[in-house]
Amino acid sequence: MAQLRRGVLEHCVLALLEGEARYAYDLVSDLGEAGLVASEGTVYPLLSRLRRDGLVETVWRESVAGPPRRYYSLTLNGRDSLDAFRRSWRDFRTSVDRIVDGEARS
Amino acid sequence: MMTEAQHPLVTDYLRRLREATATLPPTVAVELVADIEEHLDSANLGARSEADVRQALDRLGSPEEVAAAAGPELPPLSSPDALIASSPPAAGTHRLESVALLLLVLAEVLFIVVPLSAPLWVAGVVCLVLATGWTAREKVAAAAFVATGFPLVGLGVVVSALVVAELGACSASSTSTGDVIETCTTTTSPLGVILPALLVAYVVAQVVVIRRLLRSLR
């Protein structure tokens, strides 16, 4: 289950980056608000892993006030991974719902 | 990368984080602490109330929790099926991919024995086309770097040999005793050096691609 949760979280991060590149701080805050992470800090190792696996890339951007910040964006591999996840997740969710709801009714 | 007005609670948190990440690989630890420091800088806590700072640090999670998240890695999730199946994939699942790689590499290594290597290569290409365990991009990489092995290496070695042979000039001369002595001189042209170098570079690239492809199967 831990692996499932981690995998889903990774792909949620990818999905959040799909539209536009973002700063980690905004990404992490969104995930926290969505209730997907108990500790915002644990997202950073996840982001590092995504970067090492080539699913996201970062550029340093000058920020308005203060030192340059990391700006995260999806790589082509990241987009592929996200698309594949969407297909798998849809099927999985449907199957689980069918069984779990079915059992609840009987 | 310390900003001037760092709240003492933040400084303390970062110190505890450094301690908690001491057992991690140095690059991982340094990167994580830098990321967290950047996060806290972005939160602009310098001039906020202590309650706000404590809340921000709570949301971050304890240094131990954060460091633990960077700990021992679960296997990479390049295939969504790996994440959804709670048990590891059955042993035979990626056989076709491994066989494809094996056949193509064998064909390349045994290229000299054409009656053997040619069918091996064809079989390898067929397996590669039929394989489902890789994404389209991975299959293109396999085709570009591994399937081309047999034709390129075979061709490359033959061309190199021809180039070297052509550059050799043999002249026959007879000595006073009536013996014929053949002296051969070979001159090295840039081609004779470049071609083998290209071959080596190509083989290195192949090894890298093959390792990546195998890793993605796990």
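In which helix of chain B is B:Asp12 found? B:Asp12 sits in helix H1 of chain B, residues 8-20. Helices (H or I, at least four residues) and strands (E, at least two) are DSSP runs, numbered from the N terminus. The model is predicted, so local features need pLDDT of at least 70 and side-chain atom pairs count only at pLDDT 80 or more, while totals for chains, interfaces and linings use all residues. Residues are numbered from 1 along each chain as its sequence is written, chains are lettered from A and ligands numbered from 1 in the order in which they are written, and side-chain values use heavy atoms, with hydrogens and water left out.

B:Asp12 is partly exposed, at 31% relative accessible area. Here buried means under 20% relative accessible area, exposed means over 50%, and partly exposed lies in between (1.4 Å probe, protein chains only). B:Asp12 forms a salt bridge with B:Arg15, with the closest N and O atoms 2.7 Å apart. A salt bridge is a side-chain nitrogen of Lys or Arg within 4 Å of a carboxyl oxygen of Asp or Glu. Both residues lie in helix H1 of chain B, three residues apart, about one turn of the helix. B:Arg15 is partly exposed too, at 40% relative accessibility.

A second pair is found in helix H3 of chain B. There, B:Glu50 and B:Arg54 meet in a salt bridge of 3.1 Å, N to O. They are four residues apart, and so about one helical turn separates them. B:Glu50 is partly exposed at 45%, and B:Arg54 is partly exposed at 43%. Elsewhere, salt bridges that share partners join B:Asp12, B:Arg15, B:Arg16 and B:Glu19 into one network. Over all chains the count comes to 13 salt bridges.

Four salt bridges run between chain A and chain B. One of them pairs B:Asp35 with A:Arg70, the closest N and O atoms being 3.3 Å apart. Another joins the side chains of B:Arg59 and A:Glu40 at 3.1 Å, N to O. This pair crosses from helix H3 of chain B to the loop between H2 and H3 of chain A. B:Arg59 is partly exposed at 40%, whereas A:Glu40 is buried at 4%.

The contact (heavy atoms within 4.5 Å) takes 35 residues from chain A and 30 residues from chain B. The two chains bury about 2900 Å² between them, 56% of it on carbon and sulfur atoms. Buried area is the accessible area (1.4 Å probe) that two parts lose on being put together, summed over both. A:Gln3, A:Tyr25 and A:Tyr44 supply 19% of the area that chain A buries against chain B, more than any other three residues.

The largest nonpolar core has 40 residues. Such a core is a set of buried Ala, Val, Leu, Ile, Met, Phe, Trp, Tyr and Cys residues joined through side-chain atoms within 4.5 Å. A:Val13, A:Leu47, B:Ile36 and B:Leu40 have the most contacts inside the core. Its largest share, six residues, comes from H2 of chain B. Leaving aside neighbours within four places in sequence, A:Val13 is in contact with A:Leu27, A:Leu31, A:Leu46, A:Leu47 and A:Leu50. Apart from this core lies another, of 20 residues, among them B:Phe111, B:Leu128, B:Val209 and B:Leu213.
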